[in-house]
Amino acid sequence: MEEKIRQLLGNVNEEISNVAVDENLLTEGLIDSFDIVALVVELEETFSIQLEADEIIEENFSSIQNIQALIERKIS
């Protein structure tokens with residue numbers, strides 16, 4: 001799953017493929033709020049999940065690790 005998330009994030013910014021799983025993507029300037037909106041659509045399609053508005057928060061998208069945890073919660 002991590003590799004697929006990296007691939008989707010790489011569509012937003014190629015530099016993301018080389019970051020640590022716990023590196024903060026927002027504070028490092030690798031993604032912004034517009035990128036998150038695009039990413040939500042990709043994640044929903046790729047993983048067949050539906051994200052609620054209250055789940056689309058900075059904490060859930062700040063790192064690869066947090067994105068993966070969000071997806072795992074939605075799948076289970």
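Me: Which residues have the most contacts inside the largest nonpolar core?
Reply: L9, I16, L25, L43, F61 and I67, in a core of 20 residues. A nonpolar core here is a set of buried Ala, Val, Leu, Ile, Met, Phe, Trp, Tyr and Cys residues joined through side-chain atoms within 4.5 Å. Buried means under 20% relative accessible area, exposed over 50%, and partly exposed in between, with a 1.4 Å probe and protein chains only.

Me: Which elements give two or more residues to that core?
Reply: α1 (2-12), α2 (33-47) and α4 do, and the largest share, five residues, comes from α2. Helices (H or I, at least four residues) and strands (E, at least two) are DSSP runs, numbered from the N terminus.

Me: Before I go on, what am I looking at?
Reply: A predicted model, where local features need pLDDT of at least 70 and side-chain atom pairs count only at pLDDT 80 or more, while totals for chains, interfaces and linings use all residues. Residues are numbered from 1 along each chain as its sequence is written, and side-chain values use heavy atoms, leaving out hydrogens and water.

Me: OK, back to α2. Which of its residues are buried?
Reply: I36, L39, V40, L43, E44 and F47. Seen down the axis of α2, they fall within an arc of 135°, so they line one face of the helix; the arc is that of the directions from the helix axis to the C-beta atoms.

Me: What covers them?
Reply: α1, α3 and α4 are included in the cover. Contact, by the way, means heavy atoms within 4.5 Å.

Me: And which exposed residues sit on the face turned away?
Reply: F34, V37 and E45.

Me: What happens at the two ends of α2?
Reply: At its start, a side-chain oxygen of D32 reaches to within 3.1 Å of the backbone nitrogen of F34. After the helix comes S48, whose phi is positive, near 50°. S48 is in the loop between α2 and α3 and is exposed, with a relative accessible area of 68%.

Me: Now α1: which residues are buried there?
Reply: I5, R6, L8 and L9. Seen down the axis of α1, they fall within an arc of 165°, so they line one face of the helix. Their cover includes α2 and α4, while E3 and N11 are exposed on the other side of α1.

Me: Changing topic: S63, buried or exposed?
Reply: Buried, at 4% relative accessibility. S63 is in the loop between α3 (58-61) and α4 (64-75), and its side chain reaches the backbone nitrogen of N66 at 3.0 Å. A polar contact is a pair of N or O atoms within 3.5 Å; within protein, one must be able to donate a hydrogen and the other to accept it, and residues adjacent in sequence count only if both atoms are side-chain atoms.

Me: Last bit, the whole thing. How many helices and strands?
Reply: Four helices and zero strands. Of the 76 residues, 36% count as buried, and the C-alpha atoms fill a box of roughly 30 × 20 × 20 Å along the principal axes.
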